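Please look at the model shown here, and then follow the questions about how its terms are applied.

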Amino acid sequence: MSPTAAGHPSILIVEDDEVIREATRMALERYGFPVATAADGLEGLEMFHAVRPDLVLLDVMLPLLDGVGLCRRIREESQLPILMMSARTDPVDVVSGLEAGADDYVVKPFESAVLVARIRTVLRRVRVVPAEAAPEPVNASATEFPAPGPAPADPPVAPVPPVAPAPRSPVRSFDGLEVDTDSMEVRVHGALVPLTPTELRLLLEFTAAPGIVLERAVLLERVWDYEWGADTRVVDVHVQRLRAKIGGGRIETVRGFGYKLRRGE
C-alpha cells in the first residue's frame, strides 16, 4: 500500500472479524482512502511497521495482542492518530483504550459516513492551526475622502516612518511550561515533551485561556469537533494523560464545570 493516494491519508484497519474488516475496508476505499488490513494484534503491529499509515483504526478485542496492548505498543514509537472500535459500551473498555493512547473511539455497528466523518475529524487535529496572527494595522492612506476644494499648500514636512506593531511571541510560557505555536513544540523546564495531536490541541486551548474555566462541552466542540452531547470521558482521560506529561498540578479540575490551566507564579 502506498502511503497516500491522490492526497488521501492512509489507514490501517486491525479487526479480527473478517466481515467487518472487509466491509470497513471497502467503505473507506470508496471514500478514496488507501487501506491496509490485519486480522490480529501481532499482525497489526507488523503492518504498522511495514506501511506506516497516517491513522490506525483498531478493534478493542483482538487475538494474540488485544487492541489496548497494540495501542500502547504503537504509542511507544509514534504519535499518529488512533481510533478504536468496540462493540461493547462497557466504560472500562472505553477508558482503557483512551488511557492507552487512543485519540477517540467509535461503537460498532456504525454507518460508513459516520466513521469517515470521525476519521476526518481526528486527522484534522494533526494539522494544528497556529495562534492567530496579530491584525494588520489599518492603512489610513488607503481610504479616500472627497476634497472640499483647493486649500493653501502646507510647508513641506519630513515623512514620519510608520511604527511597526510589536511582534507577537509564538511561545506561551507558564512557570516552566513552554508551548511554541510556530514549531508546535512543548517543553517542560527545557525538556521536549512529545504529545499526540489531540493532546496538543487540548493544551493549546488551555494555554490560550490561562486561568479561565473551560467546560467539557466546550472542549469537546473545539478539540473533537463534537457539537452534541458526546461522552465527556474522552475529555477526562485526555486531561489525565496531559497532566502525566506536563505535570499534574498545572491543570486544575473545577468540579461541576470543567478544567482550567493554572497561571503559575
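Q: How many aromatic pairs does a search of the whole structure find?
A: The search finds zero aromatic pairs, where a pair means rings of Phe, Tyr or Trp (its six-membered ring) with centres within 6.5 Å. This is a predicted model, in which local features need pLDDT of at least 70 and side-chain atom pairs count only at pLDDT 80 or more, while totals for chains, interfaces and linings use all residues. Residues are numbered from 1 along each chain as its sequence is written, and side-chain values use heavy atoms, with hydrogens and water left out.

Q: What makes the charged end of Arg-52 count as sitting over the ring of Phe-48?
A: A charge sits over a ring if NZ of Lys or CZ of Arg is within 6 Å of the ring centre and within 35 degrees of the ring normal; the charged end of Arg-52 sits over the ring of Phe-48, 4.8 Å from its centre.

Q: Why is Asp-59 called buried?
A: Buried means under 20% relative accessible area, exposed over 50% and partly exposed in between (1.4 Å probe, protein chains only), so Asp-59, at 5% relative accessibility, counts as buried.

Q: With which residues is Asp-59 in contact, leaving aside its neighbours within four places in sequence?
A: Contact means heavy atoms within 4.5 Å, and on this basis the partners of Asp-59 include Asp-16, Met-84 and Lys-108.

Q: Which residues is Ile-82 in contact with, leaving aside its neighbours within four places in sequence?
A: Among them are Val-56, Leu-58 and Ala-102.

Terms used:
Phe/Tyr/Trp six-rings, centres within 6.5 Å; stacked < 30°, edge-to-face > 60°.
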